[in-house]
Amino acid sequence: AMLERARLERESRSIRRNMPGSFPFTRLGNFELLQEIGRGGMGVVFRARDQNSGHLVALKILPWRAAVVPEWVARCESEARTASEMRHHGIVPVVRDGQADGYSYIAMQLIPGVGLDRVIQALGSHGQASLRQMTEQAGVVCADPAPAAGPENVQDVLLRSDSWSAFIQIALQAAQALRTAHQAGICHNDIKPANLLLGPGCQVWVTDFGLSRPFTSAAGQPHTAANAASDQEGGGTLKYMAPERFAGHTSAAADCYSLGATLYELSLQCSPFAHDDRRQLQEQILKRPPLRPRELCPEFPGGLETIILNCLQKQAEDRYASTDPLIGAMLRLDRGLRIRSTRRSPLRRLFGR
């Protein structure tokens with residue numbers, strides 16, 4: 001299992017290093033590629049026009065021919081099936097998926113917004129972020145038949161580095177979308193700022209189910225070495241992973257951890273754990289507690305700090321067991337009510353309760 005995991009990690013890193021900077025074509029099947037709007041570890045996303053309908057879509061392309069990486073093609077197909085089966089206003093819907101000219105693709109609704117990672121970067125650099133301005137700079141617009149939904153017609157939302165209430169609402173929307181996935185038996189497994197899109201009016205959309213997995217079986221069997229290895233691909237993803245994910249276990253509590261790490265970074269513009277060396281970063285995640293937000297920012301709201309620290313507990317049993325209690329805590333915080341710690345007392349730990 002260790003050898004298989006090491007082999008997959010080497011192969012995935014090699015493939016990423018050789019990801020093409022540009023593509024020698026401007027059309028893929030019935031889609032006209034207009035502009036690259038993002039790329040991640042697995043694929044490149046284009047703003048594209050569906051020649052059949054004339055609508056604009058977000059087209060995610062696996063940038064290697066299917067015969068080169070059949071395992072990643074299978075994951076791409078799994079992502080399309082998973083996303084298309086879920087219906088929630090906060091989950092980016094899949095329009096179509098398939099293969100054309102030897103490349104696998106997923107066509108999704110084009111969201112007029114930007115990734116939360118870009119918002120965090122703007123907050124850290126300038127202390128504020130205008131969603132309308134960032135959307136216009138990204139060049140993301142909606143389908144032509146509905147110009148009223150374009151960024152130029154969207155009421156601007158100006159976030160500041162201390163927009164605590166807005167940060168809570170962003171996390172709350174993400175948790176509500178995750179609840180739909182969890183109710184379908186799916187763990188997202190890759191919640192991070194880049195996979196949360198902020199659309200008009202600060203609406204949150206969850207995207208990229210490429211690493212999603214069914215929950216670990218009731219018998220507690222972890223996933224295969226291949227799945228565990230794929231979970232660890234990419235340093236950007238690693239710093240949002242729950243400790244038990246390194247053993248291949250998935251759960252709603254693991255997604256809550258990742259959302260807590262994302263909320264920590266959004267609220268403080270820094271990560272709870274950071275290191276250039278992957279082994280050192282993994283060691284921090286497994287053993288070192290994060291700095292309390294109020295140590296970094298004395299005016300940080302106490303209730304928000306408690307929610308974040310509840311999400312980032314090392315033991316899954318000390319976190320929110322699902323998105324339901326996490327959503328409940330955020331709603332309580334929004335009403336100004338007290339937030340309690342989820343960490344078990346030493347006595348409860350002793351008796352395993």
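Which residues of the largest nonpolar core touch the most other members? In this predicted model, they are V119, L159, L198 and L326, out of 80 residues in that core. Helix α5 gives the core its largest share, 11 residues. A separate core has 15 residues, including V44, F46, I61 and Y105. In soluble globular proteins, nonpolar side chains tend to be buried together.

L326 also belongs to the contact between helices α5 and α12, on the α12 side. The two helices pack as follows.

| Helix | Residues | Residues in the contact |
|---|---|---|
| α5 | 164-183 | I168, Q169, A171, L172, A175, Q176, L178, R179 and H182 |
| α12 | 323-334 | T323, D324, L326, I327, M330, L331, L333 and D334 |

The axes of α5 and α12 are 9 Å apart and meet at an angle of about 155 degrees. Because angles over 145 degrees count as roughly antiparallel, α5 is roughly antiparallel to α12. Their crossing is left-handed. By type, the residues of this contact are 10 nonpolar, four polar and three charged.

Beyond four places in sequence, L326 touches A175, C256, L259, I307, C311 and Y320. Of these, A175 is one of the α5 residues in the contact with α12.

A charged residue, E79, lies in helix α2, which spans residues 70-85. Is E79 buried or exposed? E79 counts as buried because its relative accessibility is 3%. With neighbours within four places in sequence left aside, the contacts of E79 are M42, K60, I106, D208, F209 and G210.

Terms used. Residues are numbered from 1 along each chain as its sequence is written. This is a predicted model: local features need pLDDT of at least 70, side-chain atom pairs count only at pLDDT 80 or more; totals for chains, interfaces and linings use all residues. Side-chain values use heavy atoms; hydrogens and water are left out. Axes are lines fitted to C-alpha atoms, for helices over the stretch in contact, and angles run from 0 to 180 degrees between N-to-C directions. Helices (H or I, at least four residues) and strands (E, at least two) are DSSP runs, numbered from the N terminus. Angles under 35 degrees count as roughly parallel, over 145 as roughly antiparallel, 65 to 115 as roughly perpendicular and the rest as oblique. A crossing is left-handed if the near helix is turned anticlockwise from the far one by less than a right angle, and right-handed if clockwise. Contact means heavy atoms within 4.5 Å. A nonpolar core is a set of buried Ala, Val, Leu, Ile, Met, Phe, Trp, Tyr and Cys residues joined through side-chain atoms within 4.5 Å. Buried means under 20% relative accessible area, exposed over 50%, partly exposed in between (1.4 Å probe, protein chains only).
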